[in-house]
Amino acid sequence: MKRWWPRAAHIIDGVPTVLVTDGVYDERALKGARLQKDDVMQAARRQEGIESVTEIEFAILEVSGNISIIKKQKSG
């Protein structure tokens, strides 16, 4: 089906969901993914040693179910 209708891949496989942008939670995305802020912070601590959401540039719920964390770059 995905071969004949490429848009079906998004429906069948899903798409990544941005949970945090520039240190701010996307409440609608969290609710839609049935995740809590603690789930994001647990991934942030484990992957990057982050202790505050303000240190996160992006947190992304991958199609696999894993949460990827991209840490903000320190300026200066």
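**Reading the model**

Modeller: Let us begin with accessibility: Glu27 is partly exposed, with a relative accessible area of 47%. Buried means under 20% relative accessible area, exposed over 50%, and partly exposed in between, with a 1.4 Å probe and protein chains only. The model is a predicted one, in which local features need pLDDT of at least 70, side-chain atom pairs count only at pLDDT 80 or more, and totals for chains, interfaces and linings use all residues. Residues are numbered from 1 along each chain as its sequence is written, and side-chain values use heavy atoms, leaving out hydrogens and water.

Biologist: With which residue does Glu27 form a salt bridge?

Modeller: Side chains of opposite charge can pair when their charged atoms come close. The cut-off for a salt bridge is a side-chain nitrogen of Lys or Arg within 4 Å of a carboxyl oxygen of Asp or Glu. Here the partner of Glu27 is Lys37, with the closest N and O atoms 3.1 Å apart. Glu27 belongs to helix α2 and Lys37 to helix α3, ten residues apart, and the pair links these distant parts of the chain. Lys37 has a relative accessible area of 37%, so it too is partly exposed.

Biologist: How many salt bridges does the structure hold?

Modeller: There are two. In the other pair, the side chains of Lys72 and Asp22 meet at 3.1 Å, N to O. Lys72 lies in the segment after β4 and Asp22 in the loop between β1 and β2 (24–25), so parts that are 50 residues apart in sequence are tied together.

Biologist: In what order do the elements run from the N terminus?

Modeller: Helices (H or I, at least four residues) and strands (E, at least two) are DSSP runs, numbered from the N terminus. The protein chain has three helices and four strands, in the order α-β-β-α-α-β-β.

Biologist: Which strand does β1 join, and how many bridges are there?

Modeller: Two strands pair if DSSP finds at least two bridges between them. β1 is joined to β3 by four bridges, and the two run antiparallel; Thr17 stands opposite Leu61 in β3. β3 also pairs with β4 in the antiparallel sense, over five bridges, and Phe58 stands opposite Ile70 in β4. These two strands, β3 and β4, form a hairpin with five residues between them, and Gly65 in the turn has a positive phi of about 100 degrees.

Biologist: Which residues make the nonpolar surface patch?

Modeller: Patches consist of residues with over 30% relative accessible area and no salt bridge; like charges are joined within 9 Å, and nonpolar side chains (Val, Leu, Ile, Met, Phe, Trp, Tyr) within 5 Å. Areas come from the Shrake-Rupley method with a 1.4 Å probe; for residues, only the protein chains shown count as cover. Here Val18, Phe58 and Ile70 make a patch of about 210 Å². Val18 is found in strand β1, and its relative accessibility is 35%; for Ile70 the value is 40%.
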